[in-house]
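Here is a short briefing on one chain. Read it alongside the sequence and the coordinates.

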Amino acid sequence: NFTQYDIITLGLFLNGVGLLYLLNNNFYLFIFFLLLGHFCNILNIMYAKQFNLETKYGNNYDNLANWFKVLILIQVFYQVYKKTINKSFYKEYDGLFCIAITVLLLCNIHYSIKNCIRQKIGKKIDYYTTIWVKPICNLNLKTLQKYCTFTKNFDENATFIYLVLIMCYIHH
């Protein structure tokens, strides 16, 4: 009897537990709980529509929760590893920083293209997303679908995994 809110909140809780383990220098439990929290995000995406669990504000809550998780994760990870990152930033980690920024940009491009396609086929998207994707919505549907196949490996779930891999590399 889980609702969409329950699944999202469980994911937030598990991410919080993971961050506490990171702060206590237990990297492996951090990764474990981070992946469990991400699994809740995947469950929400897969099963909310299938079992009619979506609510009016559930998708907005999901988006806010995901942004909150990413921003807090980056902040806490940086606080724990800032000596390591700052000490070697110009030597080794500048390439990782560029890779992380590129991955995040490609994720944003994929998200924008996907929402523009939704809008072009007649699905409703919220007002703020409409404004966000307006510059690229001048392209025709076929071109957008071609670009979407190129960027499909940078959806939100894949981007999360890429960032976790970068964190594992920095840890080791």
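A residue counts as buried when its relative accessible area is under 20%, and as exposed when that area is over 50%; anything in between is partly exposed. Phenylalanine 27 has a relative accessible area of 4%, so it is buried. The model is predicted. The points below cover its open and enclosed spaces, its side-chain pairs and a few single residues.

**Largest pocket**

- The largest pocket holds about 1900 Å³ of space.
- Its lining is made up of 47 residues. Asp62, Asn63, Tyr111, Asn115 and Glu156 lie nearest the centre of the pocket.
- Several helices supply at least two lining residues each: helix 1, helix 2 (27-50), helix 3 (58-120), helix 4 (127-133) and helix 6 (156-171).
- Helix 3 provides the largest share of this lining, at 20 residues.
- Sorted by class, the pocket lining has 18 nonpolar, 17 polar and 12 charged residues.

**Largest cavity**

- One cavity of 30 Å³ or more is present in the structure. The largest cavity contains about 40 Å³ of space.
- The cavity is lined by Ile7, Ile8, Gly11, Cys40, Asn41, Asn44, Asp62, Ala65, Asn66 and Lys69.
- Helix 1, helix 2 and helix 3 each give at least two residues to the cavity lining. Helix 3 gives the most, with four residues.
- The cavity lining divides into four nonpolar, four polar and two charged residues.

**Salt bridge**

- Side chains of opposite charge can pair when their charged atoms come close.
- How many salt bridges does a search of the whole structure find? The search finds one.
- The partners are glutamate 156 and lysine 114, and their closest N and O atoms are 3.5 Å apart.
- Glutamate 156 sits in helix 6 and lysine 114 in helix 3, so the bridge ties together parts that are 42 residues apart in sequence.
- Both ends are partly exposed: glutamate 156 has a relative accessible area of 34%, and lysine 114 is at 22%.

**Aromatic pairs**

- A pair of aromatic rings is described by the distance of the centres and the angle of the planes.
- The whole structure has seven aromatic pairs.
- In one of them, the rings of tyrosine 5 and tyrosine 61 have centres 5.7 Å apart and planes at 45 degrees, so this pair is tilted.
- That pair links distant parts of the chain, with tyrosine 5 in helix 1 and tyrosine 61 in helix 3, 56 residues apart.
- Tyrosine 5 is partly exposed at 31% relative accessibility. Tyrosine 61 is partly exposed too, at 26%.
- Phenylalanine 27 and tyrosine 28 form an edge-to-face pair, with 6.1 Å from centre to centre and 80 degrees between the planes.
- Are these two residues buried or exposed? Phenylalanine 27 is buried at 4%, whereas tyrosine 28 is exposed at 57%.
- Tyr21, Phe32 and Phe33 are joined into a cluster by ring pairs.

**Asparagine 15**

- Asparagine 15 belongs to helix 1 (residues 4-23).
- Its relative accessibility is 7%, so asparagine 15 counts as buried.
- Leaving aside residues up to four places away in sequence, asparagine 15 touches Phe33, Leu34, Gly37, His38 and Lys69.

**Asparagine 25**

- Most residues other than glycine have a negative phi, and most peptide bonds are trans.
- Asparagine 25 is not a glycine, yet its phi is positive, at about 60 degrees.
- The residue lies in the loop between helix 1 and helix 2.
- Asparagine 25 is exposed, with a relative accessible area of 66%.

**Alanine 158**

- Alanine 158 is part of helix 6.
- At 17% relative accessibility, under the 20% limit, alanine 158 counts as buried.
- The C-alpha atoms of alanine 158 and valine 103 are separated by 9.4 Å, while the two residues are 55 residues apart along the chain.

Note on methods. Residues numbered from 1 in each chain as written. Predicted model: local features only at pLDDT ≥ 70, side-chain atom pairs only at ≥ 80, totals over all residues. Heavy atoms only, no water. Buried < 20%, exposed > 50% of the residue type's maximum accessible area, 1.4 Å probe, protein only. Contact = heavy atoms within 4.5 Å. 1 Å grid on protein atoms, 1.4 Å probe; cavity = no way out; pocket = protein on both sides within 12 Å on 5 of 7 lines; lining within 4 Å. Points joined across faces, edges and corners; volume = space filled by probe spheres on them. Nonpolar A, V, L, I, M, F, W, Y, C, P; charged D, E, K, R; others polar. Salt bridge = Lys/Arg side-chain N within 4 Å of Asp/Glu carboxyl O. Phe/Tyr/Trp six-rings, centres within 6.5 Å; stacked < 30°, edge-to-face > 60°.
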